[in-house]
Amino acid sequence: MSGLVALAATDLLAVDFFAADSLAPLLVADAFTGVFDWFLTAVVGGAFSWLAGVTGLDFLGYPYMQRAYLSVLCIGVVGPLVGSFLVYRDLSMVGDTLAHTAFAGVALALFLDATLGLAVPPLLGALVVAVVAALVVQALIEYTDARSDAALAMVLTGGFALGSVLISLTGGGISVGINQYLFGSLATVSRADVGLLVSMGLVVVGSVAVAYRPLVYVTFDETAARASRLHVRAVNTLLSILTAFVVVSAMRIMGVILVAALLVIPVVTASRLGRSFKQSLLYGVLAGELAGVAGVTVAYLYGLAAGGSIVLVALAGFVAVAAGHRLS
Amino acid sequence: MTAVSLSDVSFSYGDVPVVDGVSLDVAEGEFLGLVGPNGSGKSTLLTLMLGLRRPTRGEVRLFDRPAHDFADGERVAYVAQDATDAARDMPVTVREVVRMGRYPRNLFGRFSADDREAVASALDRVGIADLADRRVGALSGGQRQRVFVARALAAEADLLALDEPTVALDAESREAFYDLLGELNQQGMTVVLVEHDIGVVTARASRIACLNKRLYFHGDTDDFAESDALAAAYGANQRVLDHDHGHHHGNSHDHQRGHSHGDARAEPEDEQ
């Protein structure tokens, strides 16, 4: 059990670490960046170019599309993976709440840049503010009488309000850059963004793999888990922080407003398909992958918003599964 | 050996007293039925016993350790009142739930042969081995309750605490379920059962604690039937308060409170 605490502590350290590193290359060291660049160009680029040749779909060869696909492949894994531990506890709104507070973090970073000339990477601002918000939400639920949905609603709107005020304080000068954070974008996904997603993805998958049992127990029966002396608070903190990681790393593509959808929709879709929890995790990830890849493809082909396309495809998948379930 | 020991335990939500000056011991191997009207604090008392809440006053000991400080999670199994609701929507199999009983012993490592054996024999013991790969949400209410008991058996728990486990069950499955609890108790498991159906409890439990904020009766089941503690406890929050019984600790506020609140149902519900 102390291992779990240590795990949560490691994640906190990781946040400090990112802060110290100023997030510019985003990866642990230059050597890592080198490996990642090689991975991006040789492995991912090679695979996609081969696919482009086989299928005759030229856009698979474009580096920015490759980055977009790689990103949604990551989001499709981590979204449902973390979302599965939220949805069944009626905490589906946590993702949305943290995403909206992450917006305040982006605005704060842009504000500091515009007024004080402090070059804070917006995603670092988003990450720090979202993690703090995650802890605030947890404290609100635990220590006050606020019902959890009301607590979430307050933090959600509060975060967004803070973001909008910070933007207006700079006289609108920075609002140009805000749109891509609000609605997401395929074209502006940089190497650093993908690097963030891939490394967050590894952290999230690793954490869930290690803490799978406490996460499942607390999701299924929190009181019994407490009676069995599991460190429920540590598990909840870990889950909040992982959620913050997921929404922040996915928000460049999905946009603040829609990023939480992949924490929820594939999970709900899969809940009708899987019998065991592990099976439903797997189906959830598959549903997330399908929605992500199909959504990005549709968005490219018809020039649509990527985040919106992905969410609509995910919803279509849900409707199809629900209808099929009813018919069978 | 005492499994649970309460000495002069009180608990309040804010300034609303829910449990007032309760002292009682639960011996190992005992089957204690905890009865009382709605809002009488019995669910709260159960969570106090398990160390899930800390009393505002008094001391709770669990297997001779301060309850809040007790660390042997596998020795204690708790089936909360709403536990089965949560089980309805989540895709999770019977086996996955019963395996959770092993988690306090083995939270991160690979499951050993012992772990698997404990899970298999627990499933077998409560008669749901053939349902092991079914989704818990697809089971009947009675089967679902057995899943939770199997989880406690897999943990090899010494104390099983249940909060009105049979509310949603038909009479037949309820009987069968309490038969199972009786058998487990005879094989040495300590059982504490919160139940509003007094007939069911007195048929199975070896000891009864009758509660309405304070303790109106604590003793053998046979003596309980002969005492008028039941009428006193259920009447305590009514307008008509017959007379004061000698079981409580002489708290002079009791009369006042009983009269001012009128009806037990007007009290804050302690069911979580």
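Tutor: A salt bridge needs a side-chain nitrogen of Lys or Arg within 4 Å of a carboxyl oxygen of Asp or Glu. Keep that in mind for this predicted model.

Student: What makes Arg151(B) and Asp221(A) a salt bridge?

Tutor: Their side chains meet at 3.0 Å, N to O. The cut-off is 4 Å, so the pair qualifies. Across the interface of chain A and chain B, the rule finds one salt bridge.

Student: Which helices of chain A supply at least two residues each to the side that touches chain B?

Tutor: H9 (212-220), H10 (222-227) and H13 (277-302) do. H9(A) gives the most, with seven residues. That side of chain A divides into 14 nonpolar, seven polar and seven charged residues.

Student: How many residues are in contact between chain A and chain B?

Tutor: 28 residues of chain A touch 36 of chain B. Polar contacts number 14 residue pairs, both partners at pLDDT 80 or more.

Student: What area do chain A and chain B bury between them?

Tutor: About 2700 Å², with 63% of it on carbon and sulfur atoms. Arg213(A), Phe220(A) and Arg229(A) supply 33% of the area that chain A buries against chain B, more than any other three residues.

Student: Turn to chain B. Why is Pro55(B) called partly exposed?

Tutor: Its relative accessibility is 22%. Buried means under 20% and exposed over 50%, so a value in between is partly exposed.

Student: Where is Pro55(B) found?

Tutor: In the loop between helix H1 (42-49) and strand S4 (57-62) of chain B. Beyond its neighbours within four places in sequence, Pro55(B) is in contact with Val9(B), Ser10(B), Phe11(B), Leu48(B) and Val60(B).

How values were computed. Residues are numbered from 1 along each chain as its sequence is written. Chains are lettered from A and ligands numbered from 1 in the order in which they are written. This is a predicted model: local features need pLDDT of at least 70, side-chain atom pairs count only at pLDDT 80 or more; totals for chains, interfaces and linings use all residues. Side-chain values use heavy atoms; hydrogens and water are left out. Helices (H or I, at least four residues) and strands (E, at least two) are DSSP runs, numbered from the N terminus. Buried means under 20% relative accessible area, exposed over 50%, partly exposed in between (1.4 Å probe, protein chains only). Contact means heavy atoms within 4.5 Å. Buried area is the accessible area (1.4 Å probe) that two parts lose on being put together, summed over both. A polar contact is a pair of N or O atoms within 3.5 Å; within protein, one must be able to donate a hydrogen and the other to accept it, and residues adjacent in sequence count only if both atoms are side-chain atoms. Ala, Val, Leu, Ile, Met, Phe, Trp, Tyr, Cys and Pro count as nonpolar, Asp, Glu, Lys and Arg as charged, and the others, Gly among them, as polar.
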